[in-house]
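Let's take a friendly walk through this protein, one topic at a time. Keep the picture open while you read.

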Amino acid sequence: MLLTLLQFFATKFLFLALHLESGCFPRPLTAREEAAAFSALYAGDAAAREKLIRHNLRLVAHIVKKYYALPGDQEDLVSIGTIGLIKAVNTFCPDKNIKLATYASRCIENEILMFLRKSNQYKNEISID
């Protein structure tokens, strides 16, 4: 239930972000902008969290396109990958001298792999309805 709810919000967030940016993904943040956004996030600014997520959506699309290129599944995988990106932003620690994109790419891939493993169990089931 929680995963379904997260998928719904991630899909709506992705649509809103793409719509606001006139049909293309926003550019990634520079190192200074990213550091400023994380300091604002740790100060309690929710807009900084959304900014970090929005500016890293291109990474989600890249990972989905690069590794999981089946045309019918891309929208679902982008939604799942966005959930991984949200988890990455929530758990990222900038003190460890690693880039957010490096950390987030692993989180995105793990989230997609978990979804594929879970959906693989049901691929041979057929509904009689």
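**How α4 sits against α6**

α4 passes α6 in a right-handed crossing. Keep in mind that this is a predicted model. The axes of these two helices, α4 and α6, come within 10 Å and cross at roughly 50°, and that makes α4 oblique to α6.

- On the α4 side, the contact is made by Leu59, Val60, Ile63, Val64 and Tyr67.
- On the α6 side, the partners are Ala101, Ala104, Ser105, Ile108, Glu109 and Ile112.
- Sort the residues of the contact of α4 with α6 by class and you get nine nonpolar, one polar and one charged.

**The overall layout**

- The protein has six helices and zero strands.
- Read from the N terminus on, the elements go α-α-α-α-α-α.
- The protein has 129 residues, and 33% of them count as buried.
- Take the contacts between residues at least 6 apart in sequence: 70% of these join residues at least 24 apart.

**How α4 sits against α5**

- Helix α4 covers residues 57-67 and helix α5 covers residues 74-91.
- Their axes are 9 Å apart, and the two helices pack at an angle of about 130°.
- Why call this pair oblique? Angles over 145 degrees would count as roughly antiparallel and 65 to 115 as roughly perpendicular, so α4 and α5, at about 130°, are oblique to each other.
- α4 passes α5 in a right-handed crossing, too.
- From α4, the residues that meet α5 are Leu57, Val60, Val64 and Lys65.
- From α5, the residues that meet α4 are Gln74, Leu77, Val78, Gly81, Thr82 and Leu85.
- By class, the contact of α4 with α5 has six nonpolar, three polar and one charged residues.

**How α3 sits against α5**

- The axes of α3 and α5 come within 10 Å, with a crossing angle of roughly 130°.
- That angle makes α3 oblique to α5.
- The crossing of α3 past α5 is right-handed.
- α3 brings Arg49, Leu52 and Ile53 to the contact, while α5 brings Leu85, Ile86, Val89 and Asn90.
- This contact of α3 with α5 is made up of five nonpolar, one polar and one charged residues.

**The nonpolar core**

- How many residues are in the largest nonpolar core? There are 26, and those with the most contacts inside it are Leu52, Leu85, Val89, Ile108 and Ile112.
- The elements that give two or more residues to this core are α2 (31-42), α3, α4, α5 and α6 (100-120).
- α5 gives the most to this core, with seven residues.

**Two asparagines to look up**

- Asn56 is in the loop between α3 and α4.
- Is Asn56 buried or exposed? Its relative accessibility is 9%, so Asn56 counts as buried; the cut-off for buried is under 20%.
- Setting aside neighbours within four places in sequence, Asn56 is in contact with Leu85 and Leu100.
- Asn97 is in the loop between α5 and α6.
- Asn97 has a relative accessibility of 76%, so Asn97 counts as exposed; the cut-off for exposed is over 50%.
- Asn97 also has a positive phi of about 55°, although it is not a glycine.

- Lys51 lies in helix α3, which spans residues 46-54.
- Lys51 counts as partly exposed because its relative accessibility is 31%.
- Lys51 and Pro26 are 25 residues apart along the chain, and their C-alpha atoms are separated by 9.9 Å.
- Lys87 has its place in helix α5.
- With a relative accessible area of 37%, Lys87 is partly exposed.
- Lys87 and Ile108 are 21 residues apart in sequence, and from C-alpha to C-alpha they are 8.6 Å apart in space.

Terms used. Residues are numbered from 1 along each chain as its sequence is written. This is a predicted model: local features need pLDDT of at least 70, side-chain atom pairs count only at pLDDT 80 or more; totals for chains, interfaces and linings use all residues. Side-chain values use heavy atoms; hydrogens and water are left out. Axes are lines fitted to C-alpha atoms, for helices over the stretch in contact, and angles run from 0 to 180 degrees between N-to-C directions. Helices (H or I, at least four residues) and strands (E, at least two) are DSSP runs, numbered from the N terminus. Angles under 35 degrees count as roughly parallel, over 145 as roughly antiparallel, 65 to 115 as roughly perpendicular and the rest as oblique. A crossing is left-handed if the near helix is turned anticlockwise from the far one by less than a right angle, and right-handed if clockwise. Contact means heavy atoms within 4.5 Å. Ala, Val, Leu, Ile, Met, Phe, Trp, Tyr, Cys and Pro count as nonpolar, Asp, Glu, Lys and Arg as charged, and the others, Gly among them, as polar. Buried means under 20% relative accessible area, exposed over 50%, partly exposed in between (1.4 Å probe, protein chains only). A nonpolar core is a set of buried Ala, Val, Leu, Ile, Met, Phe, Trp, Tyr and Cys residues joined through side-chain atoms within 4.5 Å.
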